[in-house]
Amino acid sequence: MKSIADIKAIRDKMQAQIVVRDKEQSNEIRIVVGMATCGISAGARPVFNTLMDEVSTRQLRNVKVSRSGCLGMCRLEPIVEVFVPGQDKVTYCHVDADKAKVIIANHIVNGNICTEYLIGAEE
Amino acid sequence: MRELSLNILDIAENSLKAKATVVTIDVTVDEDFVTITIDDNGCGMSAEFLAKVTDPFTTTRTTRKVGMGIPLIKMAAEQCGGSFEITSQVDVGTTLKASFGRHSIDRPPLGSVGESIMTLLPDIGETRLIFSYQAFGQTFVLDSDEIKQQLDGIPLDEPEILLFIKQMIDENITTINGGNVI
């Protein structure tokens with residue numbers, strides 16, 4: 001069973017990678033998941049987890065996943081915002097775990113915005 | 001909310017927003033109840049605000065006039081024969097305790113507490129988050145300060161670290177439960 005002692009091993013493995021990340025800080029891509037009560041009850045937590053999982057397995061060192069509060073559009077939750085330096089903010093709505101994977105693959109890795117999930121595409 | 005752990009995530013966010021330096025989340029399972037206690041030393045609430053905090057039309061939010069977090073956990077607890085109480089004092093902190101009838105058919109499952117804690121951790125900053133799970137005579141405790149000490153400067157919000165912590169919590173809970181779903 002995993003215990004806190006195992007964290008040391010991960011730390012040692014990561015030490016080298018952190019240096020690389022520090023250099024890339026300036027072009028960091030931010031992915032923000034709305035996580036107020038509305039987001040959570042609509043399924044934001046599995047979305048957040050999937051994004052984290054994908055970022056970890058794909059070793060996307062310049063991507064940071066974080067949470068935000070309510071954006072005032074509760075009926076469109078789960079909402080995911082993507083901030084790529086030098087580009088306009090992209091807002092996805094009604095995201096689920098599968099869509100989150102597609103967003104990582106198409107938008108974050110390959111630079112193609114998933115237009116079918118955009119806010120407004122459904123309306 | 002489909003899982004009690006989602007309520008935990010939702011309520012604990014309030015504690016972080018209240019600028020607490022210590023937040024403790026405890027889940028205790030006994031013969032009849034699953035009890036969630038979330039305690040913080042944040043800014044607290046005035047008696048006046050506390051009196052209406054379980055009203056869905058009370059919120060600190062400015063984007064709209066509805067606040068569902070506390071009403072939802074209260075409703076979930078009462079629907080399955082449990083109880084709900086919240087105490088708070090300005091500048092001292094807030095304690096929320098919700099008990100859920102363990103054997104009630106209306107009680108949502110506990111779900112992945114690991115996922116909820118993992119989701120909270122990137123935003124804790126300097127706050128100390130202590131999670132404990134007590135059931136069947138065993139206890140599991142996770143202390144964010146202890147983890148930070150082990151990490152020795154590596155940020156807590158590295159995906160690899162967060163995923164490890166999630167697995168560690170869920171594995172320990174499953175082991176304590178003897179593989180049964182709570």
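Modeller: Let's start with a pocket: on a 1 Å grid over the protein atoms alone, a pocket is an open set of points with protein on both sides within 12 Å along at least five of seven lines, while a cavity is a set where a 1.4 Å probe fits but cannot get out. Lining residues have an atom within 4 Å of a point. Points are joined across faces, edges and corners, and a volume is the space filled by probe spheres set on them. This is a predicted model, where local features need pLDDT of at least 70 and side-chain atom pairs pLDDT 80 or more, but totals for chains, interfaces and linings use all residues. Residues are numbered from 1 along each chain as written, chains are lettered from A and ligands numbered from 1 in the order written, and side-chain values use heavy atoms, without hydrogens or water.

Colleague: OK, so what volume does the second largest pocket have?

Modeller: About 220 Å³. It has 13 lining residues, and the closest to its centre are Ile40(A), Gly43(A), Pro46(A), Arg2(B) and Leu6(B). Helices (H or I, at least four residues) and strands (E, at least two) are DSSP runs numbered from the N terminus. Here H2 and H3 of chain A each give two or more residues to the lining, with H2(A) giving the largest share, three residues.

Colleague: How do the residues of that lining divide?

Modeller: Ala, Val, Leu, Ile, Met, Phe, Trp, Tyr, Cys and Pro count as nonpolar, Asp, Glu, Lys and Arg as charged, and the others, Gly among them, as polar. For the second largest pocket that gives seven nonpolar, two polar and four charged.

Colleague: Now the interface: what area do chain A and chain B bury between them?

Modeller: The size of an interface is often given as the accessible area lost when the parts come together. We use a 1.4 Å probe and sum the loss over both parts. Here that comes to about 3600 Å², with 60% of it on carbon and sulfur atoms. On the chain A side, Lys2(A), Arg45(A) and Arg67(A) lose the most area to chain B, together 22% of what that side buries. Counting contact (heavy atoms within 4.5 Å), 34 residues from chain A and 43 from chain B take part.

Colleague: How many salt bridges cross the interface?

Modeller: A salt bridge needs a side-chain nitrogen of Lys or Arg within 4 Å of a carboxyl oxygen of Asp or Glu. The rule finds seven between chain A and chain B. In one of them, Lys13(A) meets Glu160(B) at 2.9 Å, N to O.

Colleague: Which elements give two or more residues to the side of chain A that touches chain B?

Modeller: They're helix H1 (6–24), helix H2 (37–42), helix H3 (44–57) and strand S2 (63–68) of chain A. H1(A) brings the largest share, 11 residues.

Key. Buried area = accessible area lost by both parts, 1.4 Å probe.
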